[in-house]
Amino acid sequence: MTDDNGARSIAEKLDTLFHTVHPSGQGEYSHAAVAEAIREQQGVAISHTYIWQLRTGRRTNPTIQHLTALATFFGVPVAYFLDDNEAARVEQDLELLAAMKKAGVTDIALRAARLSPGSRDTVTAMLDQIWLLEHPEGEAP
């Protein structure tokens, strides 16, 4: 569904969000769950059928209100849907987050993010030392 200029479609981007953004240990959200959450949390009228149509490319020109509501639900900037460069940056972040969840280190990262820069440097140095203890052959992390 990439257009003639090589730009990815809204359907492709929305599908990526459904595949990537979901509660840890659970499958992707249903269209009905997304529609209900948007209505309840944001007060935006949207149906599960309309979300399905956007995701499958059957509808291709959503309102900015609907794009904003979907972006808010999935925790991405609305520019994700409008700018392929922004989409690529967001998807890199989503891939990193998914890898962190899979490795079970999101709690560590979230805690470290709230530390002072000096304390983060200390944690990094400690992790470097632990890495060297567990990988004496010198392979890079």
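**A walk through the model**

Gly75 counts as exposed, at 65% relative accessibility. Exposed here means over 50% relative accessible area, buried means under 20%, and partly exposed is in between, with a 1.4 Å probe and protein chains only. Before going on: this is a predicted model, in which local features need pLDDT of at least 70 and side-chain atom pairs count only at pLDDT 80 or more, while totals for chains, interfaces and linings use all residues. Residues are numbered from 1 along each chain as its sequence is written, and side-chain values use heavy atoms, with hydrogens and water left out.

Gly75 sits in the loop between helix 4 and helix 5. Helices are DSSP runs of H or I with at least four residues, strands are runs of E with at least two, and both are numbered from the N terminus. Between Gly75 and Gly43 there are 32 residues in sequence and 17 Å in space, C-alpha to C-alpha.

The largest nonpolar core has 26 residues. Such a core is a set of buried Ala, Val, Leu, Ile, Met, Phe, Trp, Tyr and Cys residues joined through side-chain atoms within 4.5 Å. Leu17, Val34, Ile38, Leu70, Phe74 and Phe81 have the most contacts inside this core. Two or more residues each come from helix 1 (10-20), helix 2 (31-42), helix 3 (48-56), helix 4 (64-74), helix 5 (79-82) and helix 6 (84-103). Helix 4 gives the most, six residues.

What does Ile38 touch, leaving aside its neighbours within four places in sequence? Its contacts are Gly43, Val44, Ile46, Ala69, Leu70 and Phe73, where contact means heavy atoms within 4.5 Å.

Next, helix 2 against helix 4. Their axes come within 10 Å and cross at roughly 100°. Axes are lines fitted to C-alpha atoms, for helices over the stretch in contact, and angles run from 0 to 180 degrees between N-to-C directions. The two helices are therefore roughly perpendicular; that term covers 65 to 115 degrees, with under 35 roughly parallel, over 145 roughly antiparallel and the rest oblique. Helix 2 brings Val34, Ala37, Ile38 and Gln42 to the contact, and helix 4 brings Thr68, Ala69, Leu70, Thr72, Phe73 and Phe74.

Helix 2 also meets helix 3. Here the axes come within 8 Å and cross at roughly 120°, so helix 2 and helix 3 are oblique to each other. On the helix 2 side are His31, Ala32, Val34 and Ala35, and on the helix 3 side His48, Ile51, Trp52 and Arg55.

Is His31 buried or exposed? His31 is buried, because its relative accessible area is 18%. Leaving aside neighbours within four places in sequence, His31 is in contact with Phe18, His48, Ile51, Trp52 and Arg55.

In helix 3 itself, Tyr50, Ile51, Gln53, Leu54 and Arg55 are buried. Helix 1, helix 2 and helix 4 are among what covers them. After helix 3 comes Gly57, with a positive phi near 80°.

Last, Asp84, which is in helix 6. Asp84 is partly exposed, with a relative accessible area of 28%. Asp84 and Arg8 are 76 residues apart in sequence and 6.8 Å apart in space, C-alpha to C-alpha.
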